[in-house]
Amino acid sequence: MTPTNDVREFVVNQRNGVKGLVDSLKLTALPSPYIQPSQERLTSDKILSSPSQIPVIDVSNWNDPQVASEICHAAAKHGLFQIVNHGIVPGELKALIAAARGFFELPAEERRRYWRGSSVSETAWLTTSFNPYKESILEWRDFLKFEFLPQRHGYDATWPPVCREQVTDHFKRMKPIANKILTILMNNLNSTIDDSSNQTLMGTMRMNFNYYPECPEPTLAIGTGRHSDINTLTLLLQEDGILSSLYARATEDGDKWIHVPPIPGAIVVNIGDVLQIMSNDRYRSVEHCVLVNRSCSRVSIPVFCGPVNDSAIEPLPEVLENNEMARYRKVVYSDYLKDFFERPHDGKTTIESIKL
């Protein structure tokens with residue numbers, strides 16, 4: 001296999017993904033479609049050595065005012081924190097990681113049955129990179145996405161048998177945790193969650209199985225490019241023991257990044273654009289990216305809570321009560337989604353586009 005066009009044809013059009021590329025070839029160099037321009041590489045001089053740590057919050061007592069205070073402070077300052085003692089036993093989280101790996105270890109022809117555009121499931125589909133038809137440079141990642149349908153209680157018989165049960169169970173475990181965090185964050189804005197606002201805050205739930213194969217030249221590649229999540233809240237499970245993978249931007253206006261280490265049993269929580277808009281910048285949607293590894297593959301599993309498509313997203317009346325000026329124009333969430341997915345990952349361009 002040569003040149004760029006052959007790699008893209010094999011990975012994207014022939015629906016093999018980067019996993020298929022790694023399995024088919026003994027790569028000693030990074031194929032050119034994956035070589036990031038120098039300005040997009042996360043070099044060591046951009047990484048803080050750790051003076052600013054990501055908060056780790058013990059949520060064993062959700063009713064403790066200190067827990068609420070820590071969550072709101074982290075959402076405002078960092079846009080990201082980790083929670084421990086959340087009630088999900090480590091064995092269940094390990095089983096989910098194993099199920100994700102089980103899917104990507106299936107034969108290529110079996111994985112291909114779920115490829116986006118021709119998936120055997122209406123609520124699960126596989127693709128590669130982020131937007132492979134729009135990107136000039138590809139990301140070193142494949143992912144399988146699941147959509148939670150409340151009317152089916154999350155269960156979908158068309159999901160891959162190797163992971164169907166674990167995905168269903170994880171959706172059910174994460175929903176009350178997301179609800180508790182959102183309740184705390186909304187209370188801090190003098191707002192409450194009712195049936196209507198619940199549709200805006202977590203009317204949709206989706207989950208990714210992200211798979212990052214071992215990479216021959218990891219310093220030239222990116223697993224997931226820099227971006228902020230466009231939804232409300234993301235709850236991420238990192239695979240234990242694989243360091244130097246997830247990084248968050250330290251401040252809005254600088255080019256320094258903080259490592260978010262995997263903590264056994266912890267869930268990483270990050271604020272999405274919708275909460276930044278609704279809070280009129282009181283909460284911060286954090287820009288983040290993922291690096292890859294030469295010696296091992298890695299799995300991560302985010303659950304995305306977000307609005308239903310026809311939700312109108314704008315600063316809450318409660319945060320504008322004292323004649324505060326709205327910093328964002330109203331936008332229908334489906335339009336916001338469309339704008340985000342029509343371009344490669346490029347930081348926080350989407351939220352910047354609706355600033356007043």
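This is a predicted model: local features need pLDDT of at least 70, side-chain atom pairs count only at pLDDT 80 or more; totals for chains, interfaces and linings use all residues.
A nonpolar core is a set of buried Ala, Val, Leu, Ile, Met, Phe, Trp, Tyr and Cys residues joined through side-chain atoms within 4.5 Å.

**The cores.** Select I71, F146, I181, L185, F209 and L233: of the 73 residues in the largest nonpolar core, these touch the most other members. Next, colour helix α6, residues 164–187, which gives the most to this core, with 10 residues. Then select L30, I54, W140 and V260, which are among the 27 residues of a second, separate core.

**The α6–α7 packing.** To display the contact, show K175, A178, N179, L182 and M186 of α6 together with N198, L201 and M202 of α7. Five of the contact residues are nonpolar, two are polar and one is charged.

**Two loop residues with positive phi.** Most residues other than glycine have a negative phi. Move to R15, in the loop between α1 (4–13) and α2 (17–24), where phi is near 65°. R15 is partly exposed, with a relative accessible area of 29%. Finally, select N85, in the loop between β2 (80–84) and α4 (90–104). N85 is not a glycine, yet its phi is positive, at about 55°; its relative accessible area of 48% makes N85 partly exposed.

Note on methods:
Residues are numbered from 1 along each chain as its sequence is written. Side-chain values use heavy atoms; hydrogens and water are left out. Buried means under 20% relative accessible area, exposed over 50%, partly exposed in between (1.4 Å probe, protein chains only). Helices (H or I, at least four residues) and strands (E, at least two) are DSSP runs, numbered from the N terminus. Contact means heavy atoms within 4.5 Å. Ala, Val, Leu, Ile, Met, Phe, Trp, Tyr, Cys and Pro count as nonpolar, Asp, Glu, Lys and Arg as charged, and the others, Gly among them, as polar.
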